[in-house]
Amino acid sequence: MPRFAGPATFARLPRLDEVARADVAVLGMPFDSGVSYRPGARFGPAHVRASSRLLRPYNPATGAWPFADQQVADAGDVALNPFDVREALDAAQTAVTALGADGTRVLSLGGDHTLALPVLRALAREHGPVAVVHLDAHLDTWDTYFGAPYTHGTPFRRASEEGLLDLERCVHVGTRGPLYAASDLEDDARLGFTVVRADDYETDGVARAVERVLRRVEDAPVYVSVDIDVLDPAAAPGTGTPEAGGLTSRELLRTLRGLAGRRVVGADVVEVAPAYDHAEITGIAAAHVAYELLGLLAGPRAGSAR
Ligand code: MN
Ligand code: MN
């Protein structure tokens with residue numbers, strides 16, 4: 001079968017109902033009722049799946065065989081109510097919890113970043129407070145928008161308030177762009193995060209950025225959350241709140257590879273909004289991010305170089 005044909009699942013993987021069990025499930029979360037600017041991330045899962053067809057089995061950068069070292073399957077999409085954010089968040093949490101009960105780790109394809117909150121709720125029940133490596137142009141620790149507490153700009157403040165985060169082990173990567181006030185950064189630090197700015201990649205390089213992330217996370221169970229807008233709009237135009245001055249796709253992929261050997265208990269790639277994409281630029285970037293995340297979810301044994 002040529003790679004442009006065959007199943008519409010992520011990387012043409014089997015569906016979850018076609019395998020006895022899965023170590024990792026790719027789970028679509030088509031939901032964008034939490035966005036504050038450009039809508040459209042509800043179409044992200046289908047777009048990332050379509051852009052993932054060319055992914056090949058062996059990752060020479062890490063020595064991983066992400067689809068052979070573990071059973072990976074596509075769990076389809078969660079049914080998320082677009083008119084009731086709280087109900088949608090509950091449904092997302094239930095889906096992740098159900099998969100976790102079978103020992104299946106989840107790679108979520110968003111959908112907007114609101115969805116990190118229900119996943120963290122599910123993971124914290126299982127592991128206790130987790131470390132978060134949050135790659136994003138934005139802090140996503142704001143309080144409310146128009147009085148609404150559950151939005152794509154607020155998931156990590158809610159997670160911190162709910163005790164889901166290890167406050168000594170969380171870090172933002174790729175942060176840049178204007179804020180509402182300088183106090184945003186003070187609030188953010190209080191909520192448990194340090195910051196590796198996008199500009200730090202220019203001044204200090206990728207290796208130093210990775211070193212700072214690893215020192216922060218240590219050996220805690222870690223959730224890796226990738227808002228595709230961490231990339232420069234040149235590398236990811238198809239997203240809801242683009243900011244100039246972002247990472248290259250090469251810097252992002254190298255940063256993710258730097259997490260090999262850590263205890264990654266869940267991951268997401270969110271905020272892909274295909275209506276603003278061109279030539280699959282954003283979809284392809286997201287598919288490759290997902291591929292690296294699958295390698296990390298294989299764990300230290302299979303995911304490290306060999
Ligand atoms: Mn963002
Ligand atoms: Mn975000």
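**How near do the axes of helix 2 and helix 3 come, and at what angle do they cross?** The pictures below take up this question and several others. This is a predicted model, in which local features need pLDDT of at least 70, side-chain atom pairs count only at pLDDT 80 or more, and totals for chains, interfaces and linings use all residues. Residues are numbered from 1 along each chain as its sequence is written, chains are lettered from A and ligands numbered from 1 in the order in which they are written, and side-chain values use heavy atoms, with hydrogens and water left out.

**View 1. Helix 2 crosses helix 3.** The axes of helix 2 (residues 85–101) and helix 3 come within 8 Å and cross at roughly 40°. Here an axis is a line fitted to C-alpha atoms, for helices over the stretch in contact, and the angle runs from 0 to 180 degrees between N-to-C directions. That angle makes helix 2 oblique to helix 3. As a guide, angles under 35 degrees count as roughly parallel, over 145 as roughly antiparallel, 65 to 115 as roughly perpendicular, and the rest as oblique. On the helix 2 side, the contact is made by L89, A92, Q93, V96, T97 and G100, and on the helix 3 side by L117, P118, V119, R121, A122, R125 and E126. Contact means heavy atoms within 4.5 Å. Sorted by class, this contact has 7 nonpolar, 3 polar and 3 charged residues. Ala, Val, Leu, Ile, Met, Phe, Trp, Tyr, Cys and Pro count as nonpolar, Asp, Glu, Lys and Arg as charged, and the others, Gly among them, as polar.

**View 2. Helix 3 on its own.** Helices (H or I, at least four residues) and strands (E, at least two) are DSSP runs, numbered from the N terminus. Helix 3 covers residues 116–127, and at 1.5 Å a residue its 12 residues should span 16 Å; the end C-alpha atoms are 16 Å apart, which agrees. The expected span is 1.5 Å times one less than the number of residues. Is helix 3 mostly covered or mostly uncovered? Mostly covered, since 9 of its 12 residues are buried. Buried means under 20% relative accessible area, exposed over 50%, and partly exposed in between (1.4 Å probe, protein chains only). The buried residues include A116, L120 and A124.

View 3. T94 sits in helix 2 and is exposed, with a relative accessible area of 53%. Its C-alpha atom is separated by 22 Å from that of D227, 133 residues apart along the chain. R21 lies in the segment before strand 1 (24–29) and counts as partly exposed at 40% relative accessibility. Which residues does R21 touch, not counting those up to four places away in sequence? They are Q71, D102, G103 and T104. The C-alpha atoms of R21 and G103 are separated by 8.8 Å, although the two residues are 82 apart along the chain.

**View 4. Helix 8 between two partners in contact.** Helix 7 (residues 206–217) and helix 8 (residues 249–257) pack at an angle of about 40°, with axes 10 Å apart, and are therefore oblique to each other. V206, A207 and V210 of helix 7 meet E251, R254 and T255 of helix 8. The axes of helix 8 and helix 9 (residues 281–297) come within 9 Å and cross at roughly 10°, so these helices are roughly parallel. L252, L253, L256 and R257 of helix 8 meet H288, V289, E292, L293 and L296 of helix 9. That contact has 6 nonpolar, 1 polar and 2 charged residues.

**View 5. Backbone details in the loops.** Most residues other than glycine have a negative phi, and most peptide bonds are trans. The peptide bond from G110 to G111 is cis, with omega near 10°; G111 is in the loop between strand 3 (105–110) and helix 3. E218, in the loop between helix 7 and strand 7 (222–227), has a positive phi near 50°. A279 has a positive phi of about 55° and is exposed, with a relative accessible area of 72%.
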